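Open the model in your viewer and keep the selection panel at hand. This tour goes stop by stop.

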Amino acid sequence: MSPHRFPAIAPLNRRGFLALTAGSAAAVALAACSNDTRSVRDLVLADSGEVRDAEAQRRAANAAVRAVSLRAEPTTVDLGGVQVQTWTYGGRLPGREIRLTRGEVLRAEIANALPAPTTIHWHGIALRNDMDGSPDITQSPIAPGGTFGYEFTVPDPGTYWLHPHVGPQLDRGLYAPLIIEDPADGAEYDTEAVIVLDDWLDGVDGRTPDTQLRQLRATGMSGMNMGGGMNRMNMGGMSMPTNPNAPLGSDAGDVDDYPYFLINGRTDRDPVTLSGKPGQRMRLRIINAGADTAFRVALGGHRLRVTHTDGYPVQPITTDSLLIGMGERYDAIIELGDGVFPLVAAAEGKTGRGLALVRTGAGAAPAADARPTELTAAPLTADKLVAADSVRLPQRKPDRTLDITLGAAARDYVWTINGRDYDQRTPLDVSAGQRVRLRFTNQTMMFHPMHLHGHTFQLATPGGTGPRKDTVVVAPMQTVQADLDATNPGQWMLHCHNAYHQEAGMMTVMSYLRA
């Protein structure tokens, strides 16, 4: 199969989009089971002229093109004395870092050597819609033995990453950092390190993400932690007591028995070592690639000066620790002391943690179970951040408010948006140029890191100073509001970044309509 190449891209025809929107495998049953009564003529599809025009506006005439090749393949990896069979990009865990400069063009060819279809989603990038990697929305899945060529401009600097968007493949080893540099950066730090966090079960005692999902579906909601005896559905109002030292509540995940938690592909028994010199300022680019686990991150003997979240700068704030949900990214600068220090990512609400070492001098490594005192205080969360002046959205009233109610079935393992799972979704309509308010209302007893493809939004605050994000944690029984400008036409997935919630239905599409 020949890879698609920009600009001659034909990711999906209109009939294919209609069949998917219907949520039916049989196109002949479209009218009977569809919740979408719109005509495709009303939709800005991935192969539309509006999508091509938006990419043309992003791309400079002399933009450099950076070509990379990826191979998704079954692999045996060493997690640090533990050999597991999994799927990776190029036999590495994490996959090889891709690094570009803002405004460059990424040309990535992927070869699928897996026994299953796959795609690549470029998480956080405001890219052209037909390169987003959403199966059957922006492209057909890449069949086993097939190839596909992704090509798009990277318009915004920051810390991003890539992963598949088919089934629970995210909970294997298919992920890699994607770093977009800003030529103006560098004055505030001397060195940097990319930190990728993960929860790991694939290949351990015969487990895979697919068997885990089947187990969750077989057990249903009744066999899970219900948050102190309460059902996962809200039975009353939206207010609930909050504990700043347990910001996610008492139900921190559906998989409470992950065998390992990793930092840069290694367990705490054989951790990766980051090297520096005393007095250096090290920029940490922290990515949570986990499927079901939020992490509380701290560096023993140091404080973190948080400078960015989800790629966008914030007014720097210093903290002992920070909380990072699945799909989120944080950048922090540390002033290195002299010695060997534990960088710990404690699994929030679970037993276990990931460990890396920061070495700047002589000395014995801390014990594998070392727990920095910095982890004891309440962690920094996104609602405490203030956007840098340069990235705040202009003050403007919303033209449209989209209510996004997060729910769950009472018995079956089904997670919903606005009372529907993905197959029966009702799309969220927007029009180009609108200021759109997203109102996430969590009616469950579990947190949900909600991610929107192709856009960033700004957390809504009275002064319009909330941080820019593409993934936001919505705590149990809480409401989060965020504003975005509809400037990137197409059909865009919006979903919970818990991989198992996503597969169990908590996903929909934000759909641009033609003017």
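Which charged end sits over the ring of Tyr422? Select Arg425: its charged end lies over that ring, 4.0 Å from the centre. Here a charge sits over a ring if NZ of Lys or CZ of Arg is within 6 Å of the ring centre and within 35 degrees of the ring normal.

A note before moving on: this is a predicted model, where local features need pLDDT of at least 70, side-chain atom pairs count only at pLDDT 80 or more, and totals for chains, interfaces and linings use all residues. Residues are numbered from 1 along each chain as its sequence is written, and side-chain values use heavy atoms, without hydrogens and water.

Next, select Arg172 and Trp87. The charged end of Arg172 sits over the Trp87 ring, 3.8 Å from its centre.

Now show the open sheet of 4 strands, ordered S2-S1-S4-S6 with mixed pairing. Strands are DSSP runs (E, at least two residues), numbered from the N terminus; two of them pair if DSSP finds at least two bridges between them. Strands S2 (83-89) and S6 (147-153) each have a single partner strand, so one side of each lacks a neighbour in the sheet.

Zoom to S4 (residues 105-112): 7 bridges join S4 to S6, and the two run antiparallel. Ile110 stands opposite Phe148 in S6.

Last, select Trp122 and Tyr150. Both are buried (under 20% relative accessible area, 1.4 Å probe, protein chains only). Ring pairs link Trp122, Phe148, Tyr150 and Phe152 into a cluster; rings of Phe, Tyr and Trp (its six-membered ring) pair if their centres lie within 6.5 Å.

Terms used. Buried < 20%, exposed > 50% of the residue type's maximum accessible area, 1.4 Å probe, protein only. Phe/Tyr/Trp six-rings, centres within 6.5 Å; stacked < 30°, edge-to-face > 60°.
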